[in-house]
Amino acid sequence: MTDQKLTSRKLISVGIDSLLEQISINKLELIDTSLLAIKFNTRSTPFDIGSWCYLKRKSGRNSQRFVQLSSLSEHRKSAITNILYSILLELSTGKAESSMLLELITFERFLLWCDKNHKMNVFGCSLTARETVISYIQTLKQQVREQSLSIITAVSNQNYSIKWLALGLDIDQAKLIEGISLLKKNMSSVNSAVAPLDTEAEHQLKCYNQIFFQITDLLTNFKPLPFLLQMHHQSIWLMPQKKTFATPEILSKRSEWAWQYRALDYKNGRIHKAEEIKNFYSGERCLDFARSGVKNALKLQQQVNSNPRHNIRIFLFNYAQAAFYNLFLANTGMNSRQVFEMDWSNNFETSTEVQGLKVIKYRANGKLQQFQITATFINTFKLFLKLRRFILNNEKYPKLFVSHHNGKFIVQALRRDYLTQLTRTHLSKLISQKPITPREWRAYKAVKIMEQTKGDIKLTSELLQNTTMTLKRSYGNISLKIATTEFYNFFDRLEQRSNKSYKNTPIGSCIDLGKPSSKHPTISPNCNTYEHCLFCEKYAFHADRDDIWKVLSMKYIILETQHLAHSLEHFNNLFAETLLRIDQLIMSTLKSHKISQTDVEFIKNKVEQEELSPYWQNKLNLLVDIGVL
């Protein structure tokens, strides 16, 4: 008879620093994941991640979990091993331990929910995982409606659970969430990306160019550290230490730093003299400790400056690669998934098929592959290839972008958010701004193409390798400067109609109810289908709080019922243009200065809390009552 009793097990407690060291020398696979407890530096008790491999478990003392030994799942064990590698990857690229622990604790709650709700096979396959995600999101939405959970907490629970579930399965998150109506903190981020302002984009592109070119020069020409990185807005010393740089803001918290960084003068790019840092130490031997610190710093400097591929130089390579990654996204308009799946071969050729563009053609994995870059970017691209060859040092690597950590190349661990995370945690401090995201770079590229083609959506979508519907849906807000002439003419007519007599409707007003008319090429308004009223010549929209509340309430209902469509394509065919039109209405209303941004944000937050306008509130209540939501 199988033992059903929950029991303790002998854990293998390993410090997080030791795990980071073991992954660099290929010893991590020697650890039995099901017995592993991680000792984080910022947590008093070990984190029993190994218990996740068991389907039956409960909390015990000192954070250890009691488990049913016979419930060990091989699916889970494999997934938890993937998760362990991802934990170490993120921590090695700068993620804070406190943030990591928050995400892991949140994911553990998700696993408990799975086991209590008969979703134990959540790691079985992507289809099962997706079905579990849909059920979990419905549970979170119900808790938000019952006010037992805040929308902010619910979104965090949702996002962290999806992230680590995808990492465990070693799949892209998109496979789990495509077509699902996710919880969102702010409706302004729903569905479409907004391109950055030109001033932001120009600043960041200039910074990334300066970071990439100077660090590439430092590495390929084997220049010594410290090295002065000169950017147009600030100059920063790069130092021979794991904490490679410190901005004035970072230096303001220097008293909290670990001892090994005390000997470095980040302001002036040198190693301190012992007398200058003895105040960092206490006791009679403070000067001896200071001398020891300086001695160790000088020893590390000598090691870094005598080894062209020292780990600290590899950190700098990752900075240069992340900078180039952002330049590449902005130039090509590719999405992050395309970039990270891009195979590469050094046998490539360039050709000019369109003026101003270079086509890069090469054969990889037995297939002819190609992409386009601007002619002015070709030298930057070739310089990246030079840096890539230098860092690989005759090793073969199948992808264009290289994952290199602690002296080890990792192909499988190179994920979509790897270089984005590096940008967010490190380069953001160098550029002194919140980094532009991959989706925003794609929107920025779309803006530039549309400006050059005078609003030709078809050509823009072809150059971005999208359908026109995808471009409208995903990048419908692509620029506050760009909107079609058709919409502005439509908005002008709306303002004229708002001065006439009208009848109120659930999405605004109508000047001639029951007699719909439209100039739209494909949408025929019907007075019983309110989402199509937005395209009717009889529709009247007042730029006030009431009408904004109405259209945002309708948008909320549309998005909440997205999962009822046969497919994502089916949903987009029905509602993509309606959602785009709502966003255009809100943007144009703000631009008219008839209502403030504060008022609009207040209404958005009210709608997110499911305080909808009367008609749509009744519709929401009905959908909840019959079990659809």
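Author: We'll go from overall confidence down to single residues.

Author: This is a predicted model, where local features need pLDDT of at least 70, side-chain atom pairs count only at pLDDT 80 or more, and totals for chains, interfaces and linings use all residues. Residues are numbered from 1 along each chain as its sequence is written, and side-chain values use heavy atoms, with hydrogens and water left out.

Reader: What is the average pLDDT of the protein?

Author: pLDDT is the predictor's confidence in each residue, from 0 to 100. Here the average is 81, and 81% of the residues score at least 70.

Reader: Which elements have the lowest and the highest mean pLDDT?

Author: Helix H18 (residues 485-497) has the lowest mean, 49, while strand E5 (residues 227-230) has the highest, 97. Over residues 473-490, pLDDT stays under 50, and residues 186-191 also stay under 50. Where pLDDT is low, the predicted coordinates should not be read in detail.

Reader: OK, now the big picture. How many helices and strands are there?

Author: The protein has 22 helices and 16 strands. Of its 629 residues, 51% are buried, meaning under 20% relative accessible area with a 1.4 Å probe, protein chains only; exposed is over 50%, and partly exposed is in between. As for contacts (heavy atoms within 4.5 Å), take those between residues at least 6 apart in sequence: 63% of them join residues at least 24 apart.

Reader: How far does H7 reach from its first C-alpha to its last?

Author: Helix H7 (residues 198-220) has 23 residues and reaches 32 Å, close to the 33 Å expected. Phe 222 follows H7 and has a positive phi, near 50°.

Reader: And sheets?

Author: Strands of a sheet pair through backbone hydrogen bonds, either parallel or antiparallel. Two strands count as paired if DSSP finds at least two bridges between them. Take the open sheet of 3 strands, ordered E14-E15-E16 with antiparallel pairing. Its edge strands, E14 (503-505) and E16 (539-540), each pair on one side only. E14 is joined to E15 (residues 508-510) by 3 bridges, and Asn 504 has Ser 509 in E15 as its bridge partner.

Reader: Is Asp 343 buried or exposed?

Author: Asp 343 is buried, at 11% relative accessible area. You'll find Asp 343 in the loop between helix H12 (336-340) and strand E9 (348-354). Its side chain makes a polar contact with the side chain of Lys 399, at 2.9 Å. A polar contact is a pair of N or O atoms within 3.5 Å; within protein, one must be able to donate a hydrogen and the other to accept it, and residues adjacent in sequence count only if both atoms are side-chain atoms. Leaving aside neighbours within four places in sequence, the contacts of Asp 343 include Tyr 362, Gln 369 and Pro 398.

Methods:
Helix = DSSP H or I, 4+ residues; strand = E, 2+ residues; numbered from the N terminus. Expected span 1.5 Å × (residues − 1).
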